[in-house]
Amino acid sequence: MTTTPLRIAVLGIGMMGLPMARRLSEAGHRMHAWNRTRAKAEPLAQWGVTVHGSPADAVKDADIVISLLENGPVVGQVLFEQGAARAMRPGALFIDMASIQPSEARDHAARLGELGLTHLDAPVSGGTVGAEAGTLAIMAGGRPEDYARAQPVFACLGHATHVGPHGAGQLAKLANQMIVGITIGAVAEALLFAAKGGADMAKVREAISGGFADSRILQLHGQRMVERDFAPRGRMAVQLKDMRNALATARETGFDAPITALFEALYAEGVDHGLGELDHSGLFVELASRNAMQ
């Protein structure tokens, strides 16, 4: 139990939202939840979470509201069209842990501020494994005092870092996703290159582990490629969304991102070829198909 339990509402119960809400409930917080498809949230009842039929009902009287919604437009719709923002009590803190564009995060922060509410953008990295274990990397943007106020939440979910003002958390997440998406492509292409020449792909992965080419991507996603295990942990379609958000932000800031643009095109082709529901390591399938290695 926490010494000072908080009333927390979670909006968006999916692969990440469910284990995160469960962990917060197990830490002693009074949890409330809403999801567009209510059936996905119902399992939380066994951990004492109250499931609501509308976002406005879920956030009423909450100290902290956490968003794990699909994208920026959906966050805006739930907040400002479905009544969640106006239902929140004055002074409540909204923590957006979804991955959206930095400009959207800044806009939401400003609009919430006009209603007497506070805001952090705090997207996460670590996938469902990190959500279940409470080892997520959390990148937070906003006012330092709001970041301090969010510590009881962050402590249950992983390790948080305050990276700057509103929107900075989303910038950090996009940087993370750029590195992840590009590195998945590099690992896939390198392993396929080795296999095309006659090497044992699994042994090549083993041989380069521990050297300068080693990484969590090589270890986790590389193993998935060797095993052809593309069950979704983080989907190709979501990786594509993140690459496109990164490119949109790059255009806003006048930054040239040619490597990200190249990989955005590759993920887009994979999604166009029906791979969108695969794990993002499924880019391997797209690159294998190009080389007639299926």
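This report describes how helix α13 packs in a predicted model, above all against helix α10, and then turns to one histidine in helix α12.

**Helix α13 and its surroundings**

Helix α13 consists of 18 residues and spans 26 Å from its first C-alpha to its last, which is close to the 26 Å expected at 1.5 Å a residue. Its buried residues are M236, Q239, L240, D242, M243, N245, A246, L247, A248, T249 and A250, and the elements that cover them include α6, α10, α14 and α15. Just after α13, G254 adopts a positive phi of about 75°.

**The crossing of α10 and α13**

The axes of α10 (residues 168-196) and α13 (residues 236-253) come within 9 Å and cross at roughly 125°, so α10 lies oblique to α13. The crossing in which α10 passes α13 is left-handed. The residues that meet there are set out by helix below.

| Helix | Residues in the contact |
|---|---|
| α10 | L171, L174, Q177, M178, V180, G181, I182 |
| α13 | Q239, D242, M243, N245, A246, T249 |

**H221 in helix α12**

H221 belongs to helix α12, which covers residues 216-227. Is H221 buried or exposed? With a relative accessible area of 8%, H221 is buried, because that value falls under the 20% cut-off. Leaving aside residues up to four places away in sequence, H221 touches I184, R216, D279, H280 and S281.

Key
Residues are numbered from 1 along each chain as its sequence is written. This is a predicted model: local features need pLDDT of at least 70, side-chain atom pairs count only at pLDDT 80 or more; totals for chains, interfaces and linings use all residues. Side-chain values use heavy atoms; hydrogens and water are left out. Axes are lines fitted to C-alpha atoms, for helices over the stretch in contact, and angles run from 0 to 180 degrees between N-to-C directions. Helices (H or I, at least four residues) and strands (E, at least two) are DSSP runs, numbered from the N terminus. Angles under 35 degrees count as roughly parallel, over 145 as roughly antiparallel, 65 to 115 as roughly perpendicular and the rest as oblique. A crossing is left-handed if the near helix is turned anticlockwise from the far one by less than a right angle, and right-handed if clockwise. Contact means heavy atoms within 4.5 Å. The expected span of a helix is 1.5 Å times one less than its number of residues. Buried means under 20% relative accessible area, exposed over 50%, partly exposed in between (1.4 Å probe, protein chains only).
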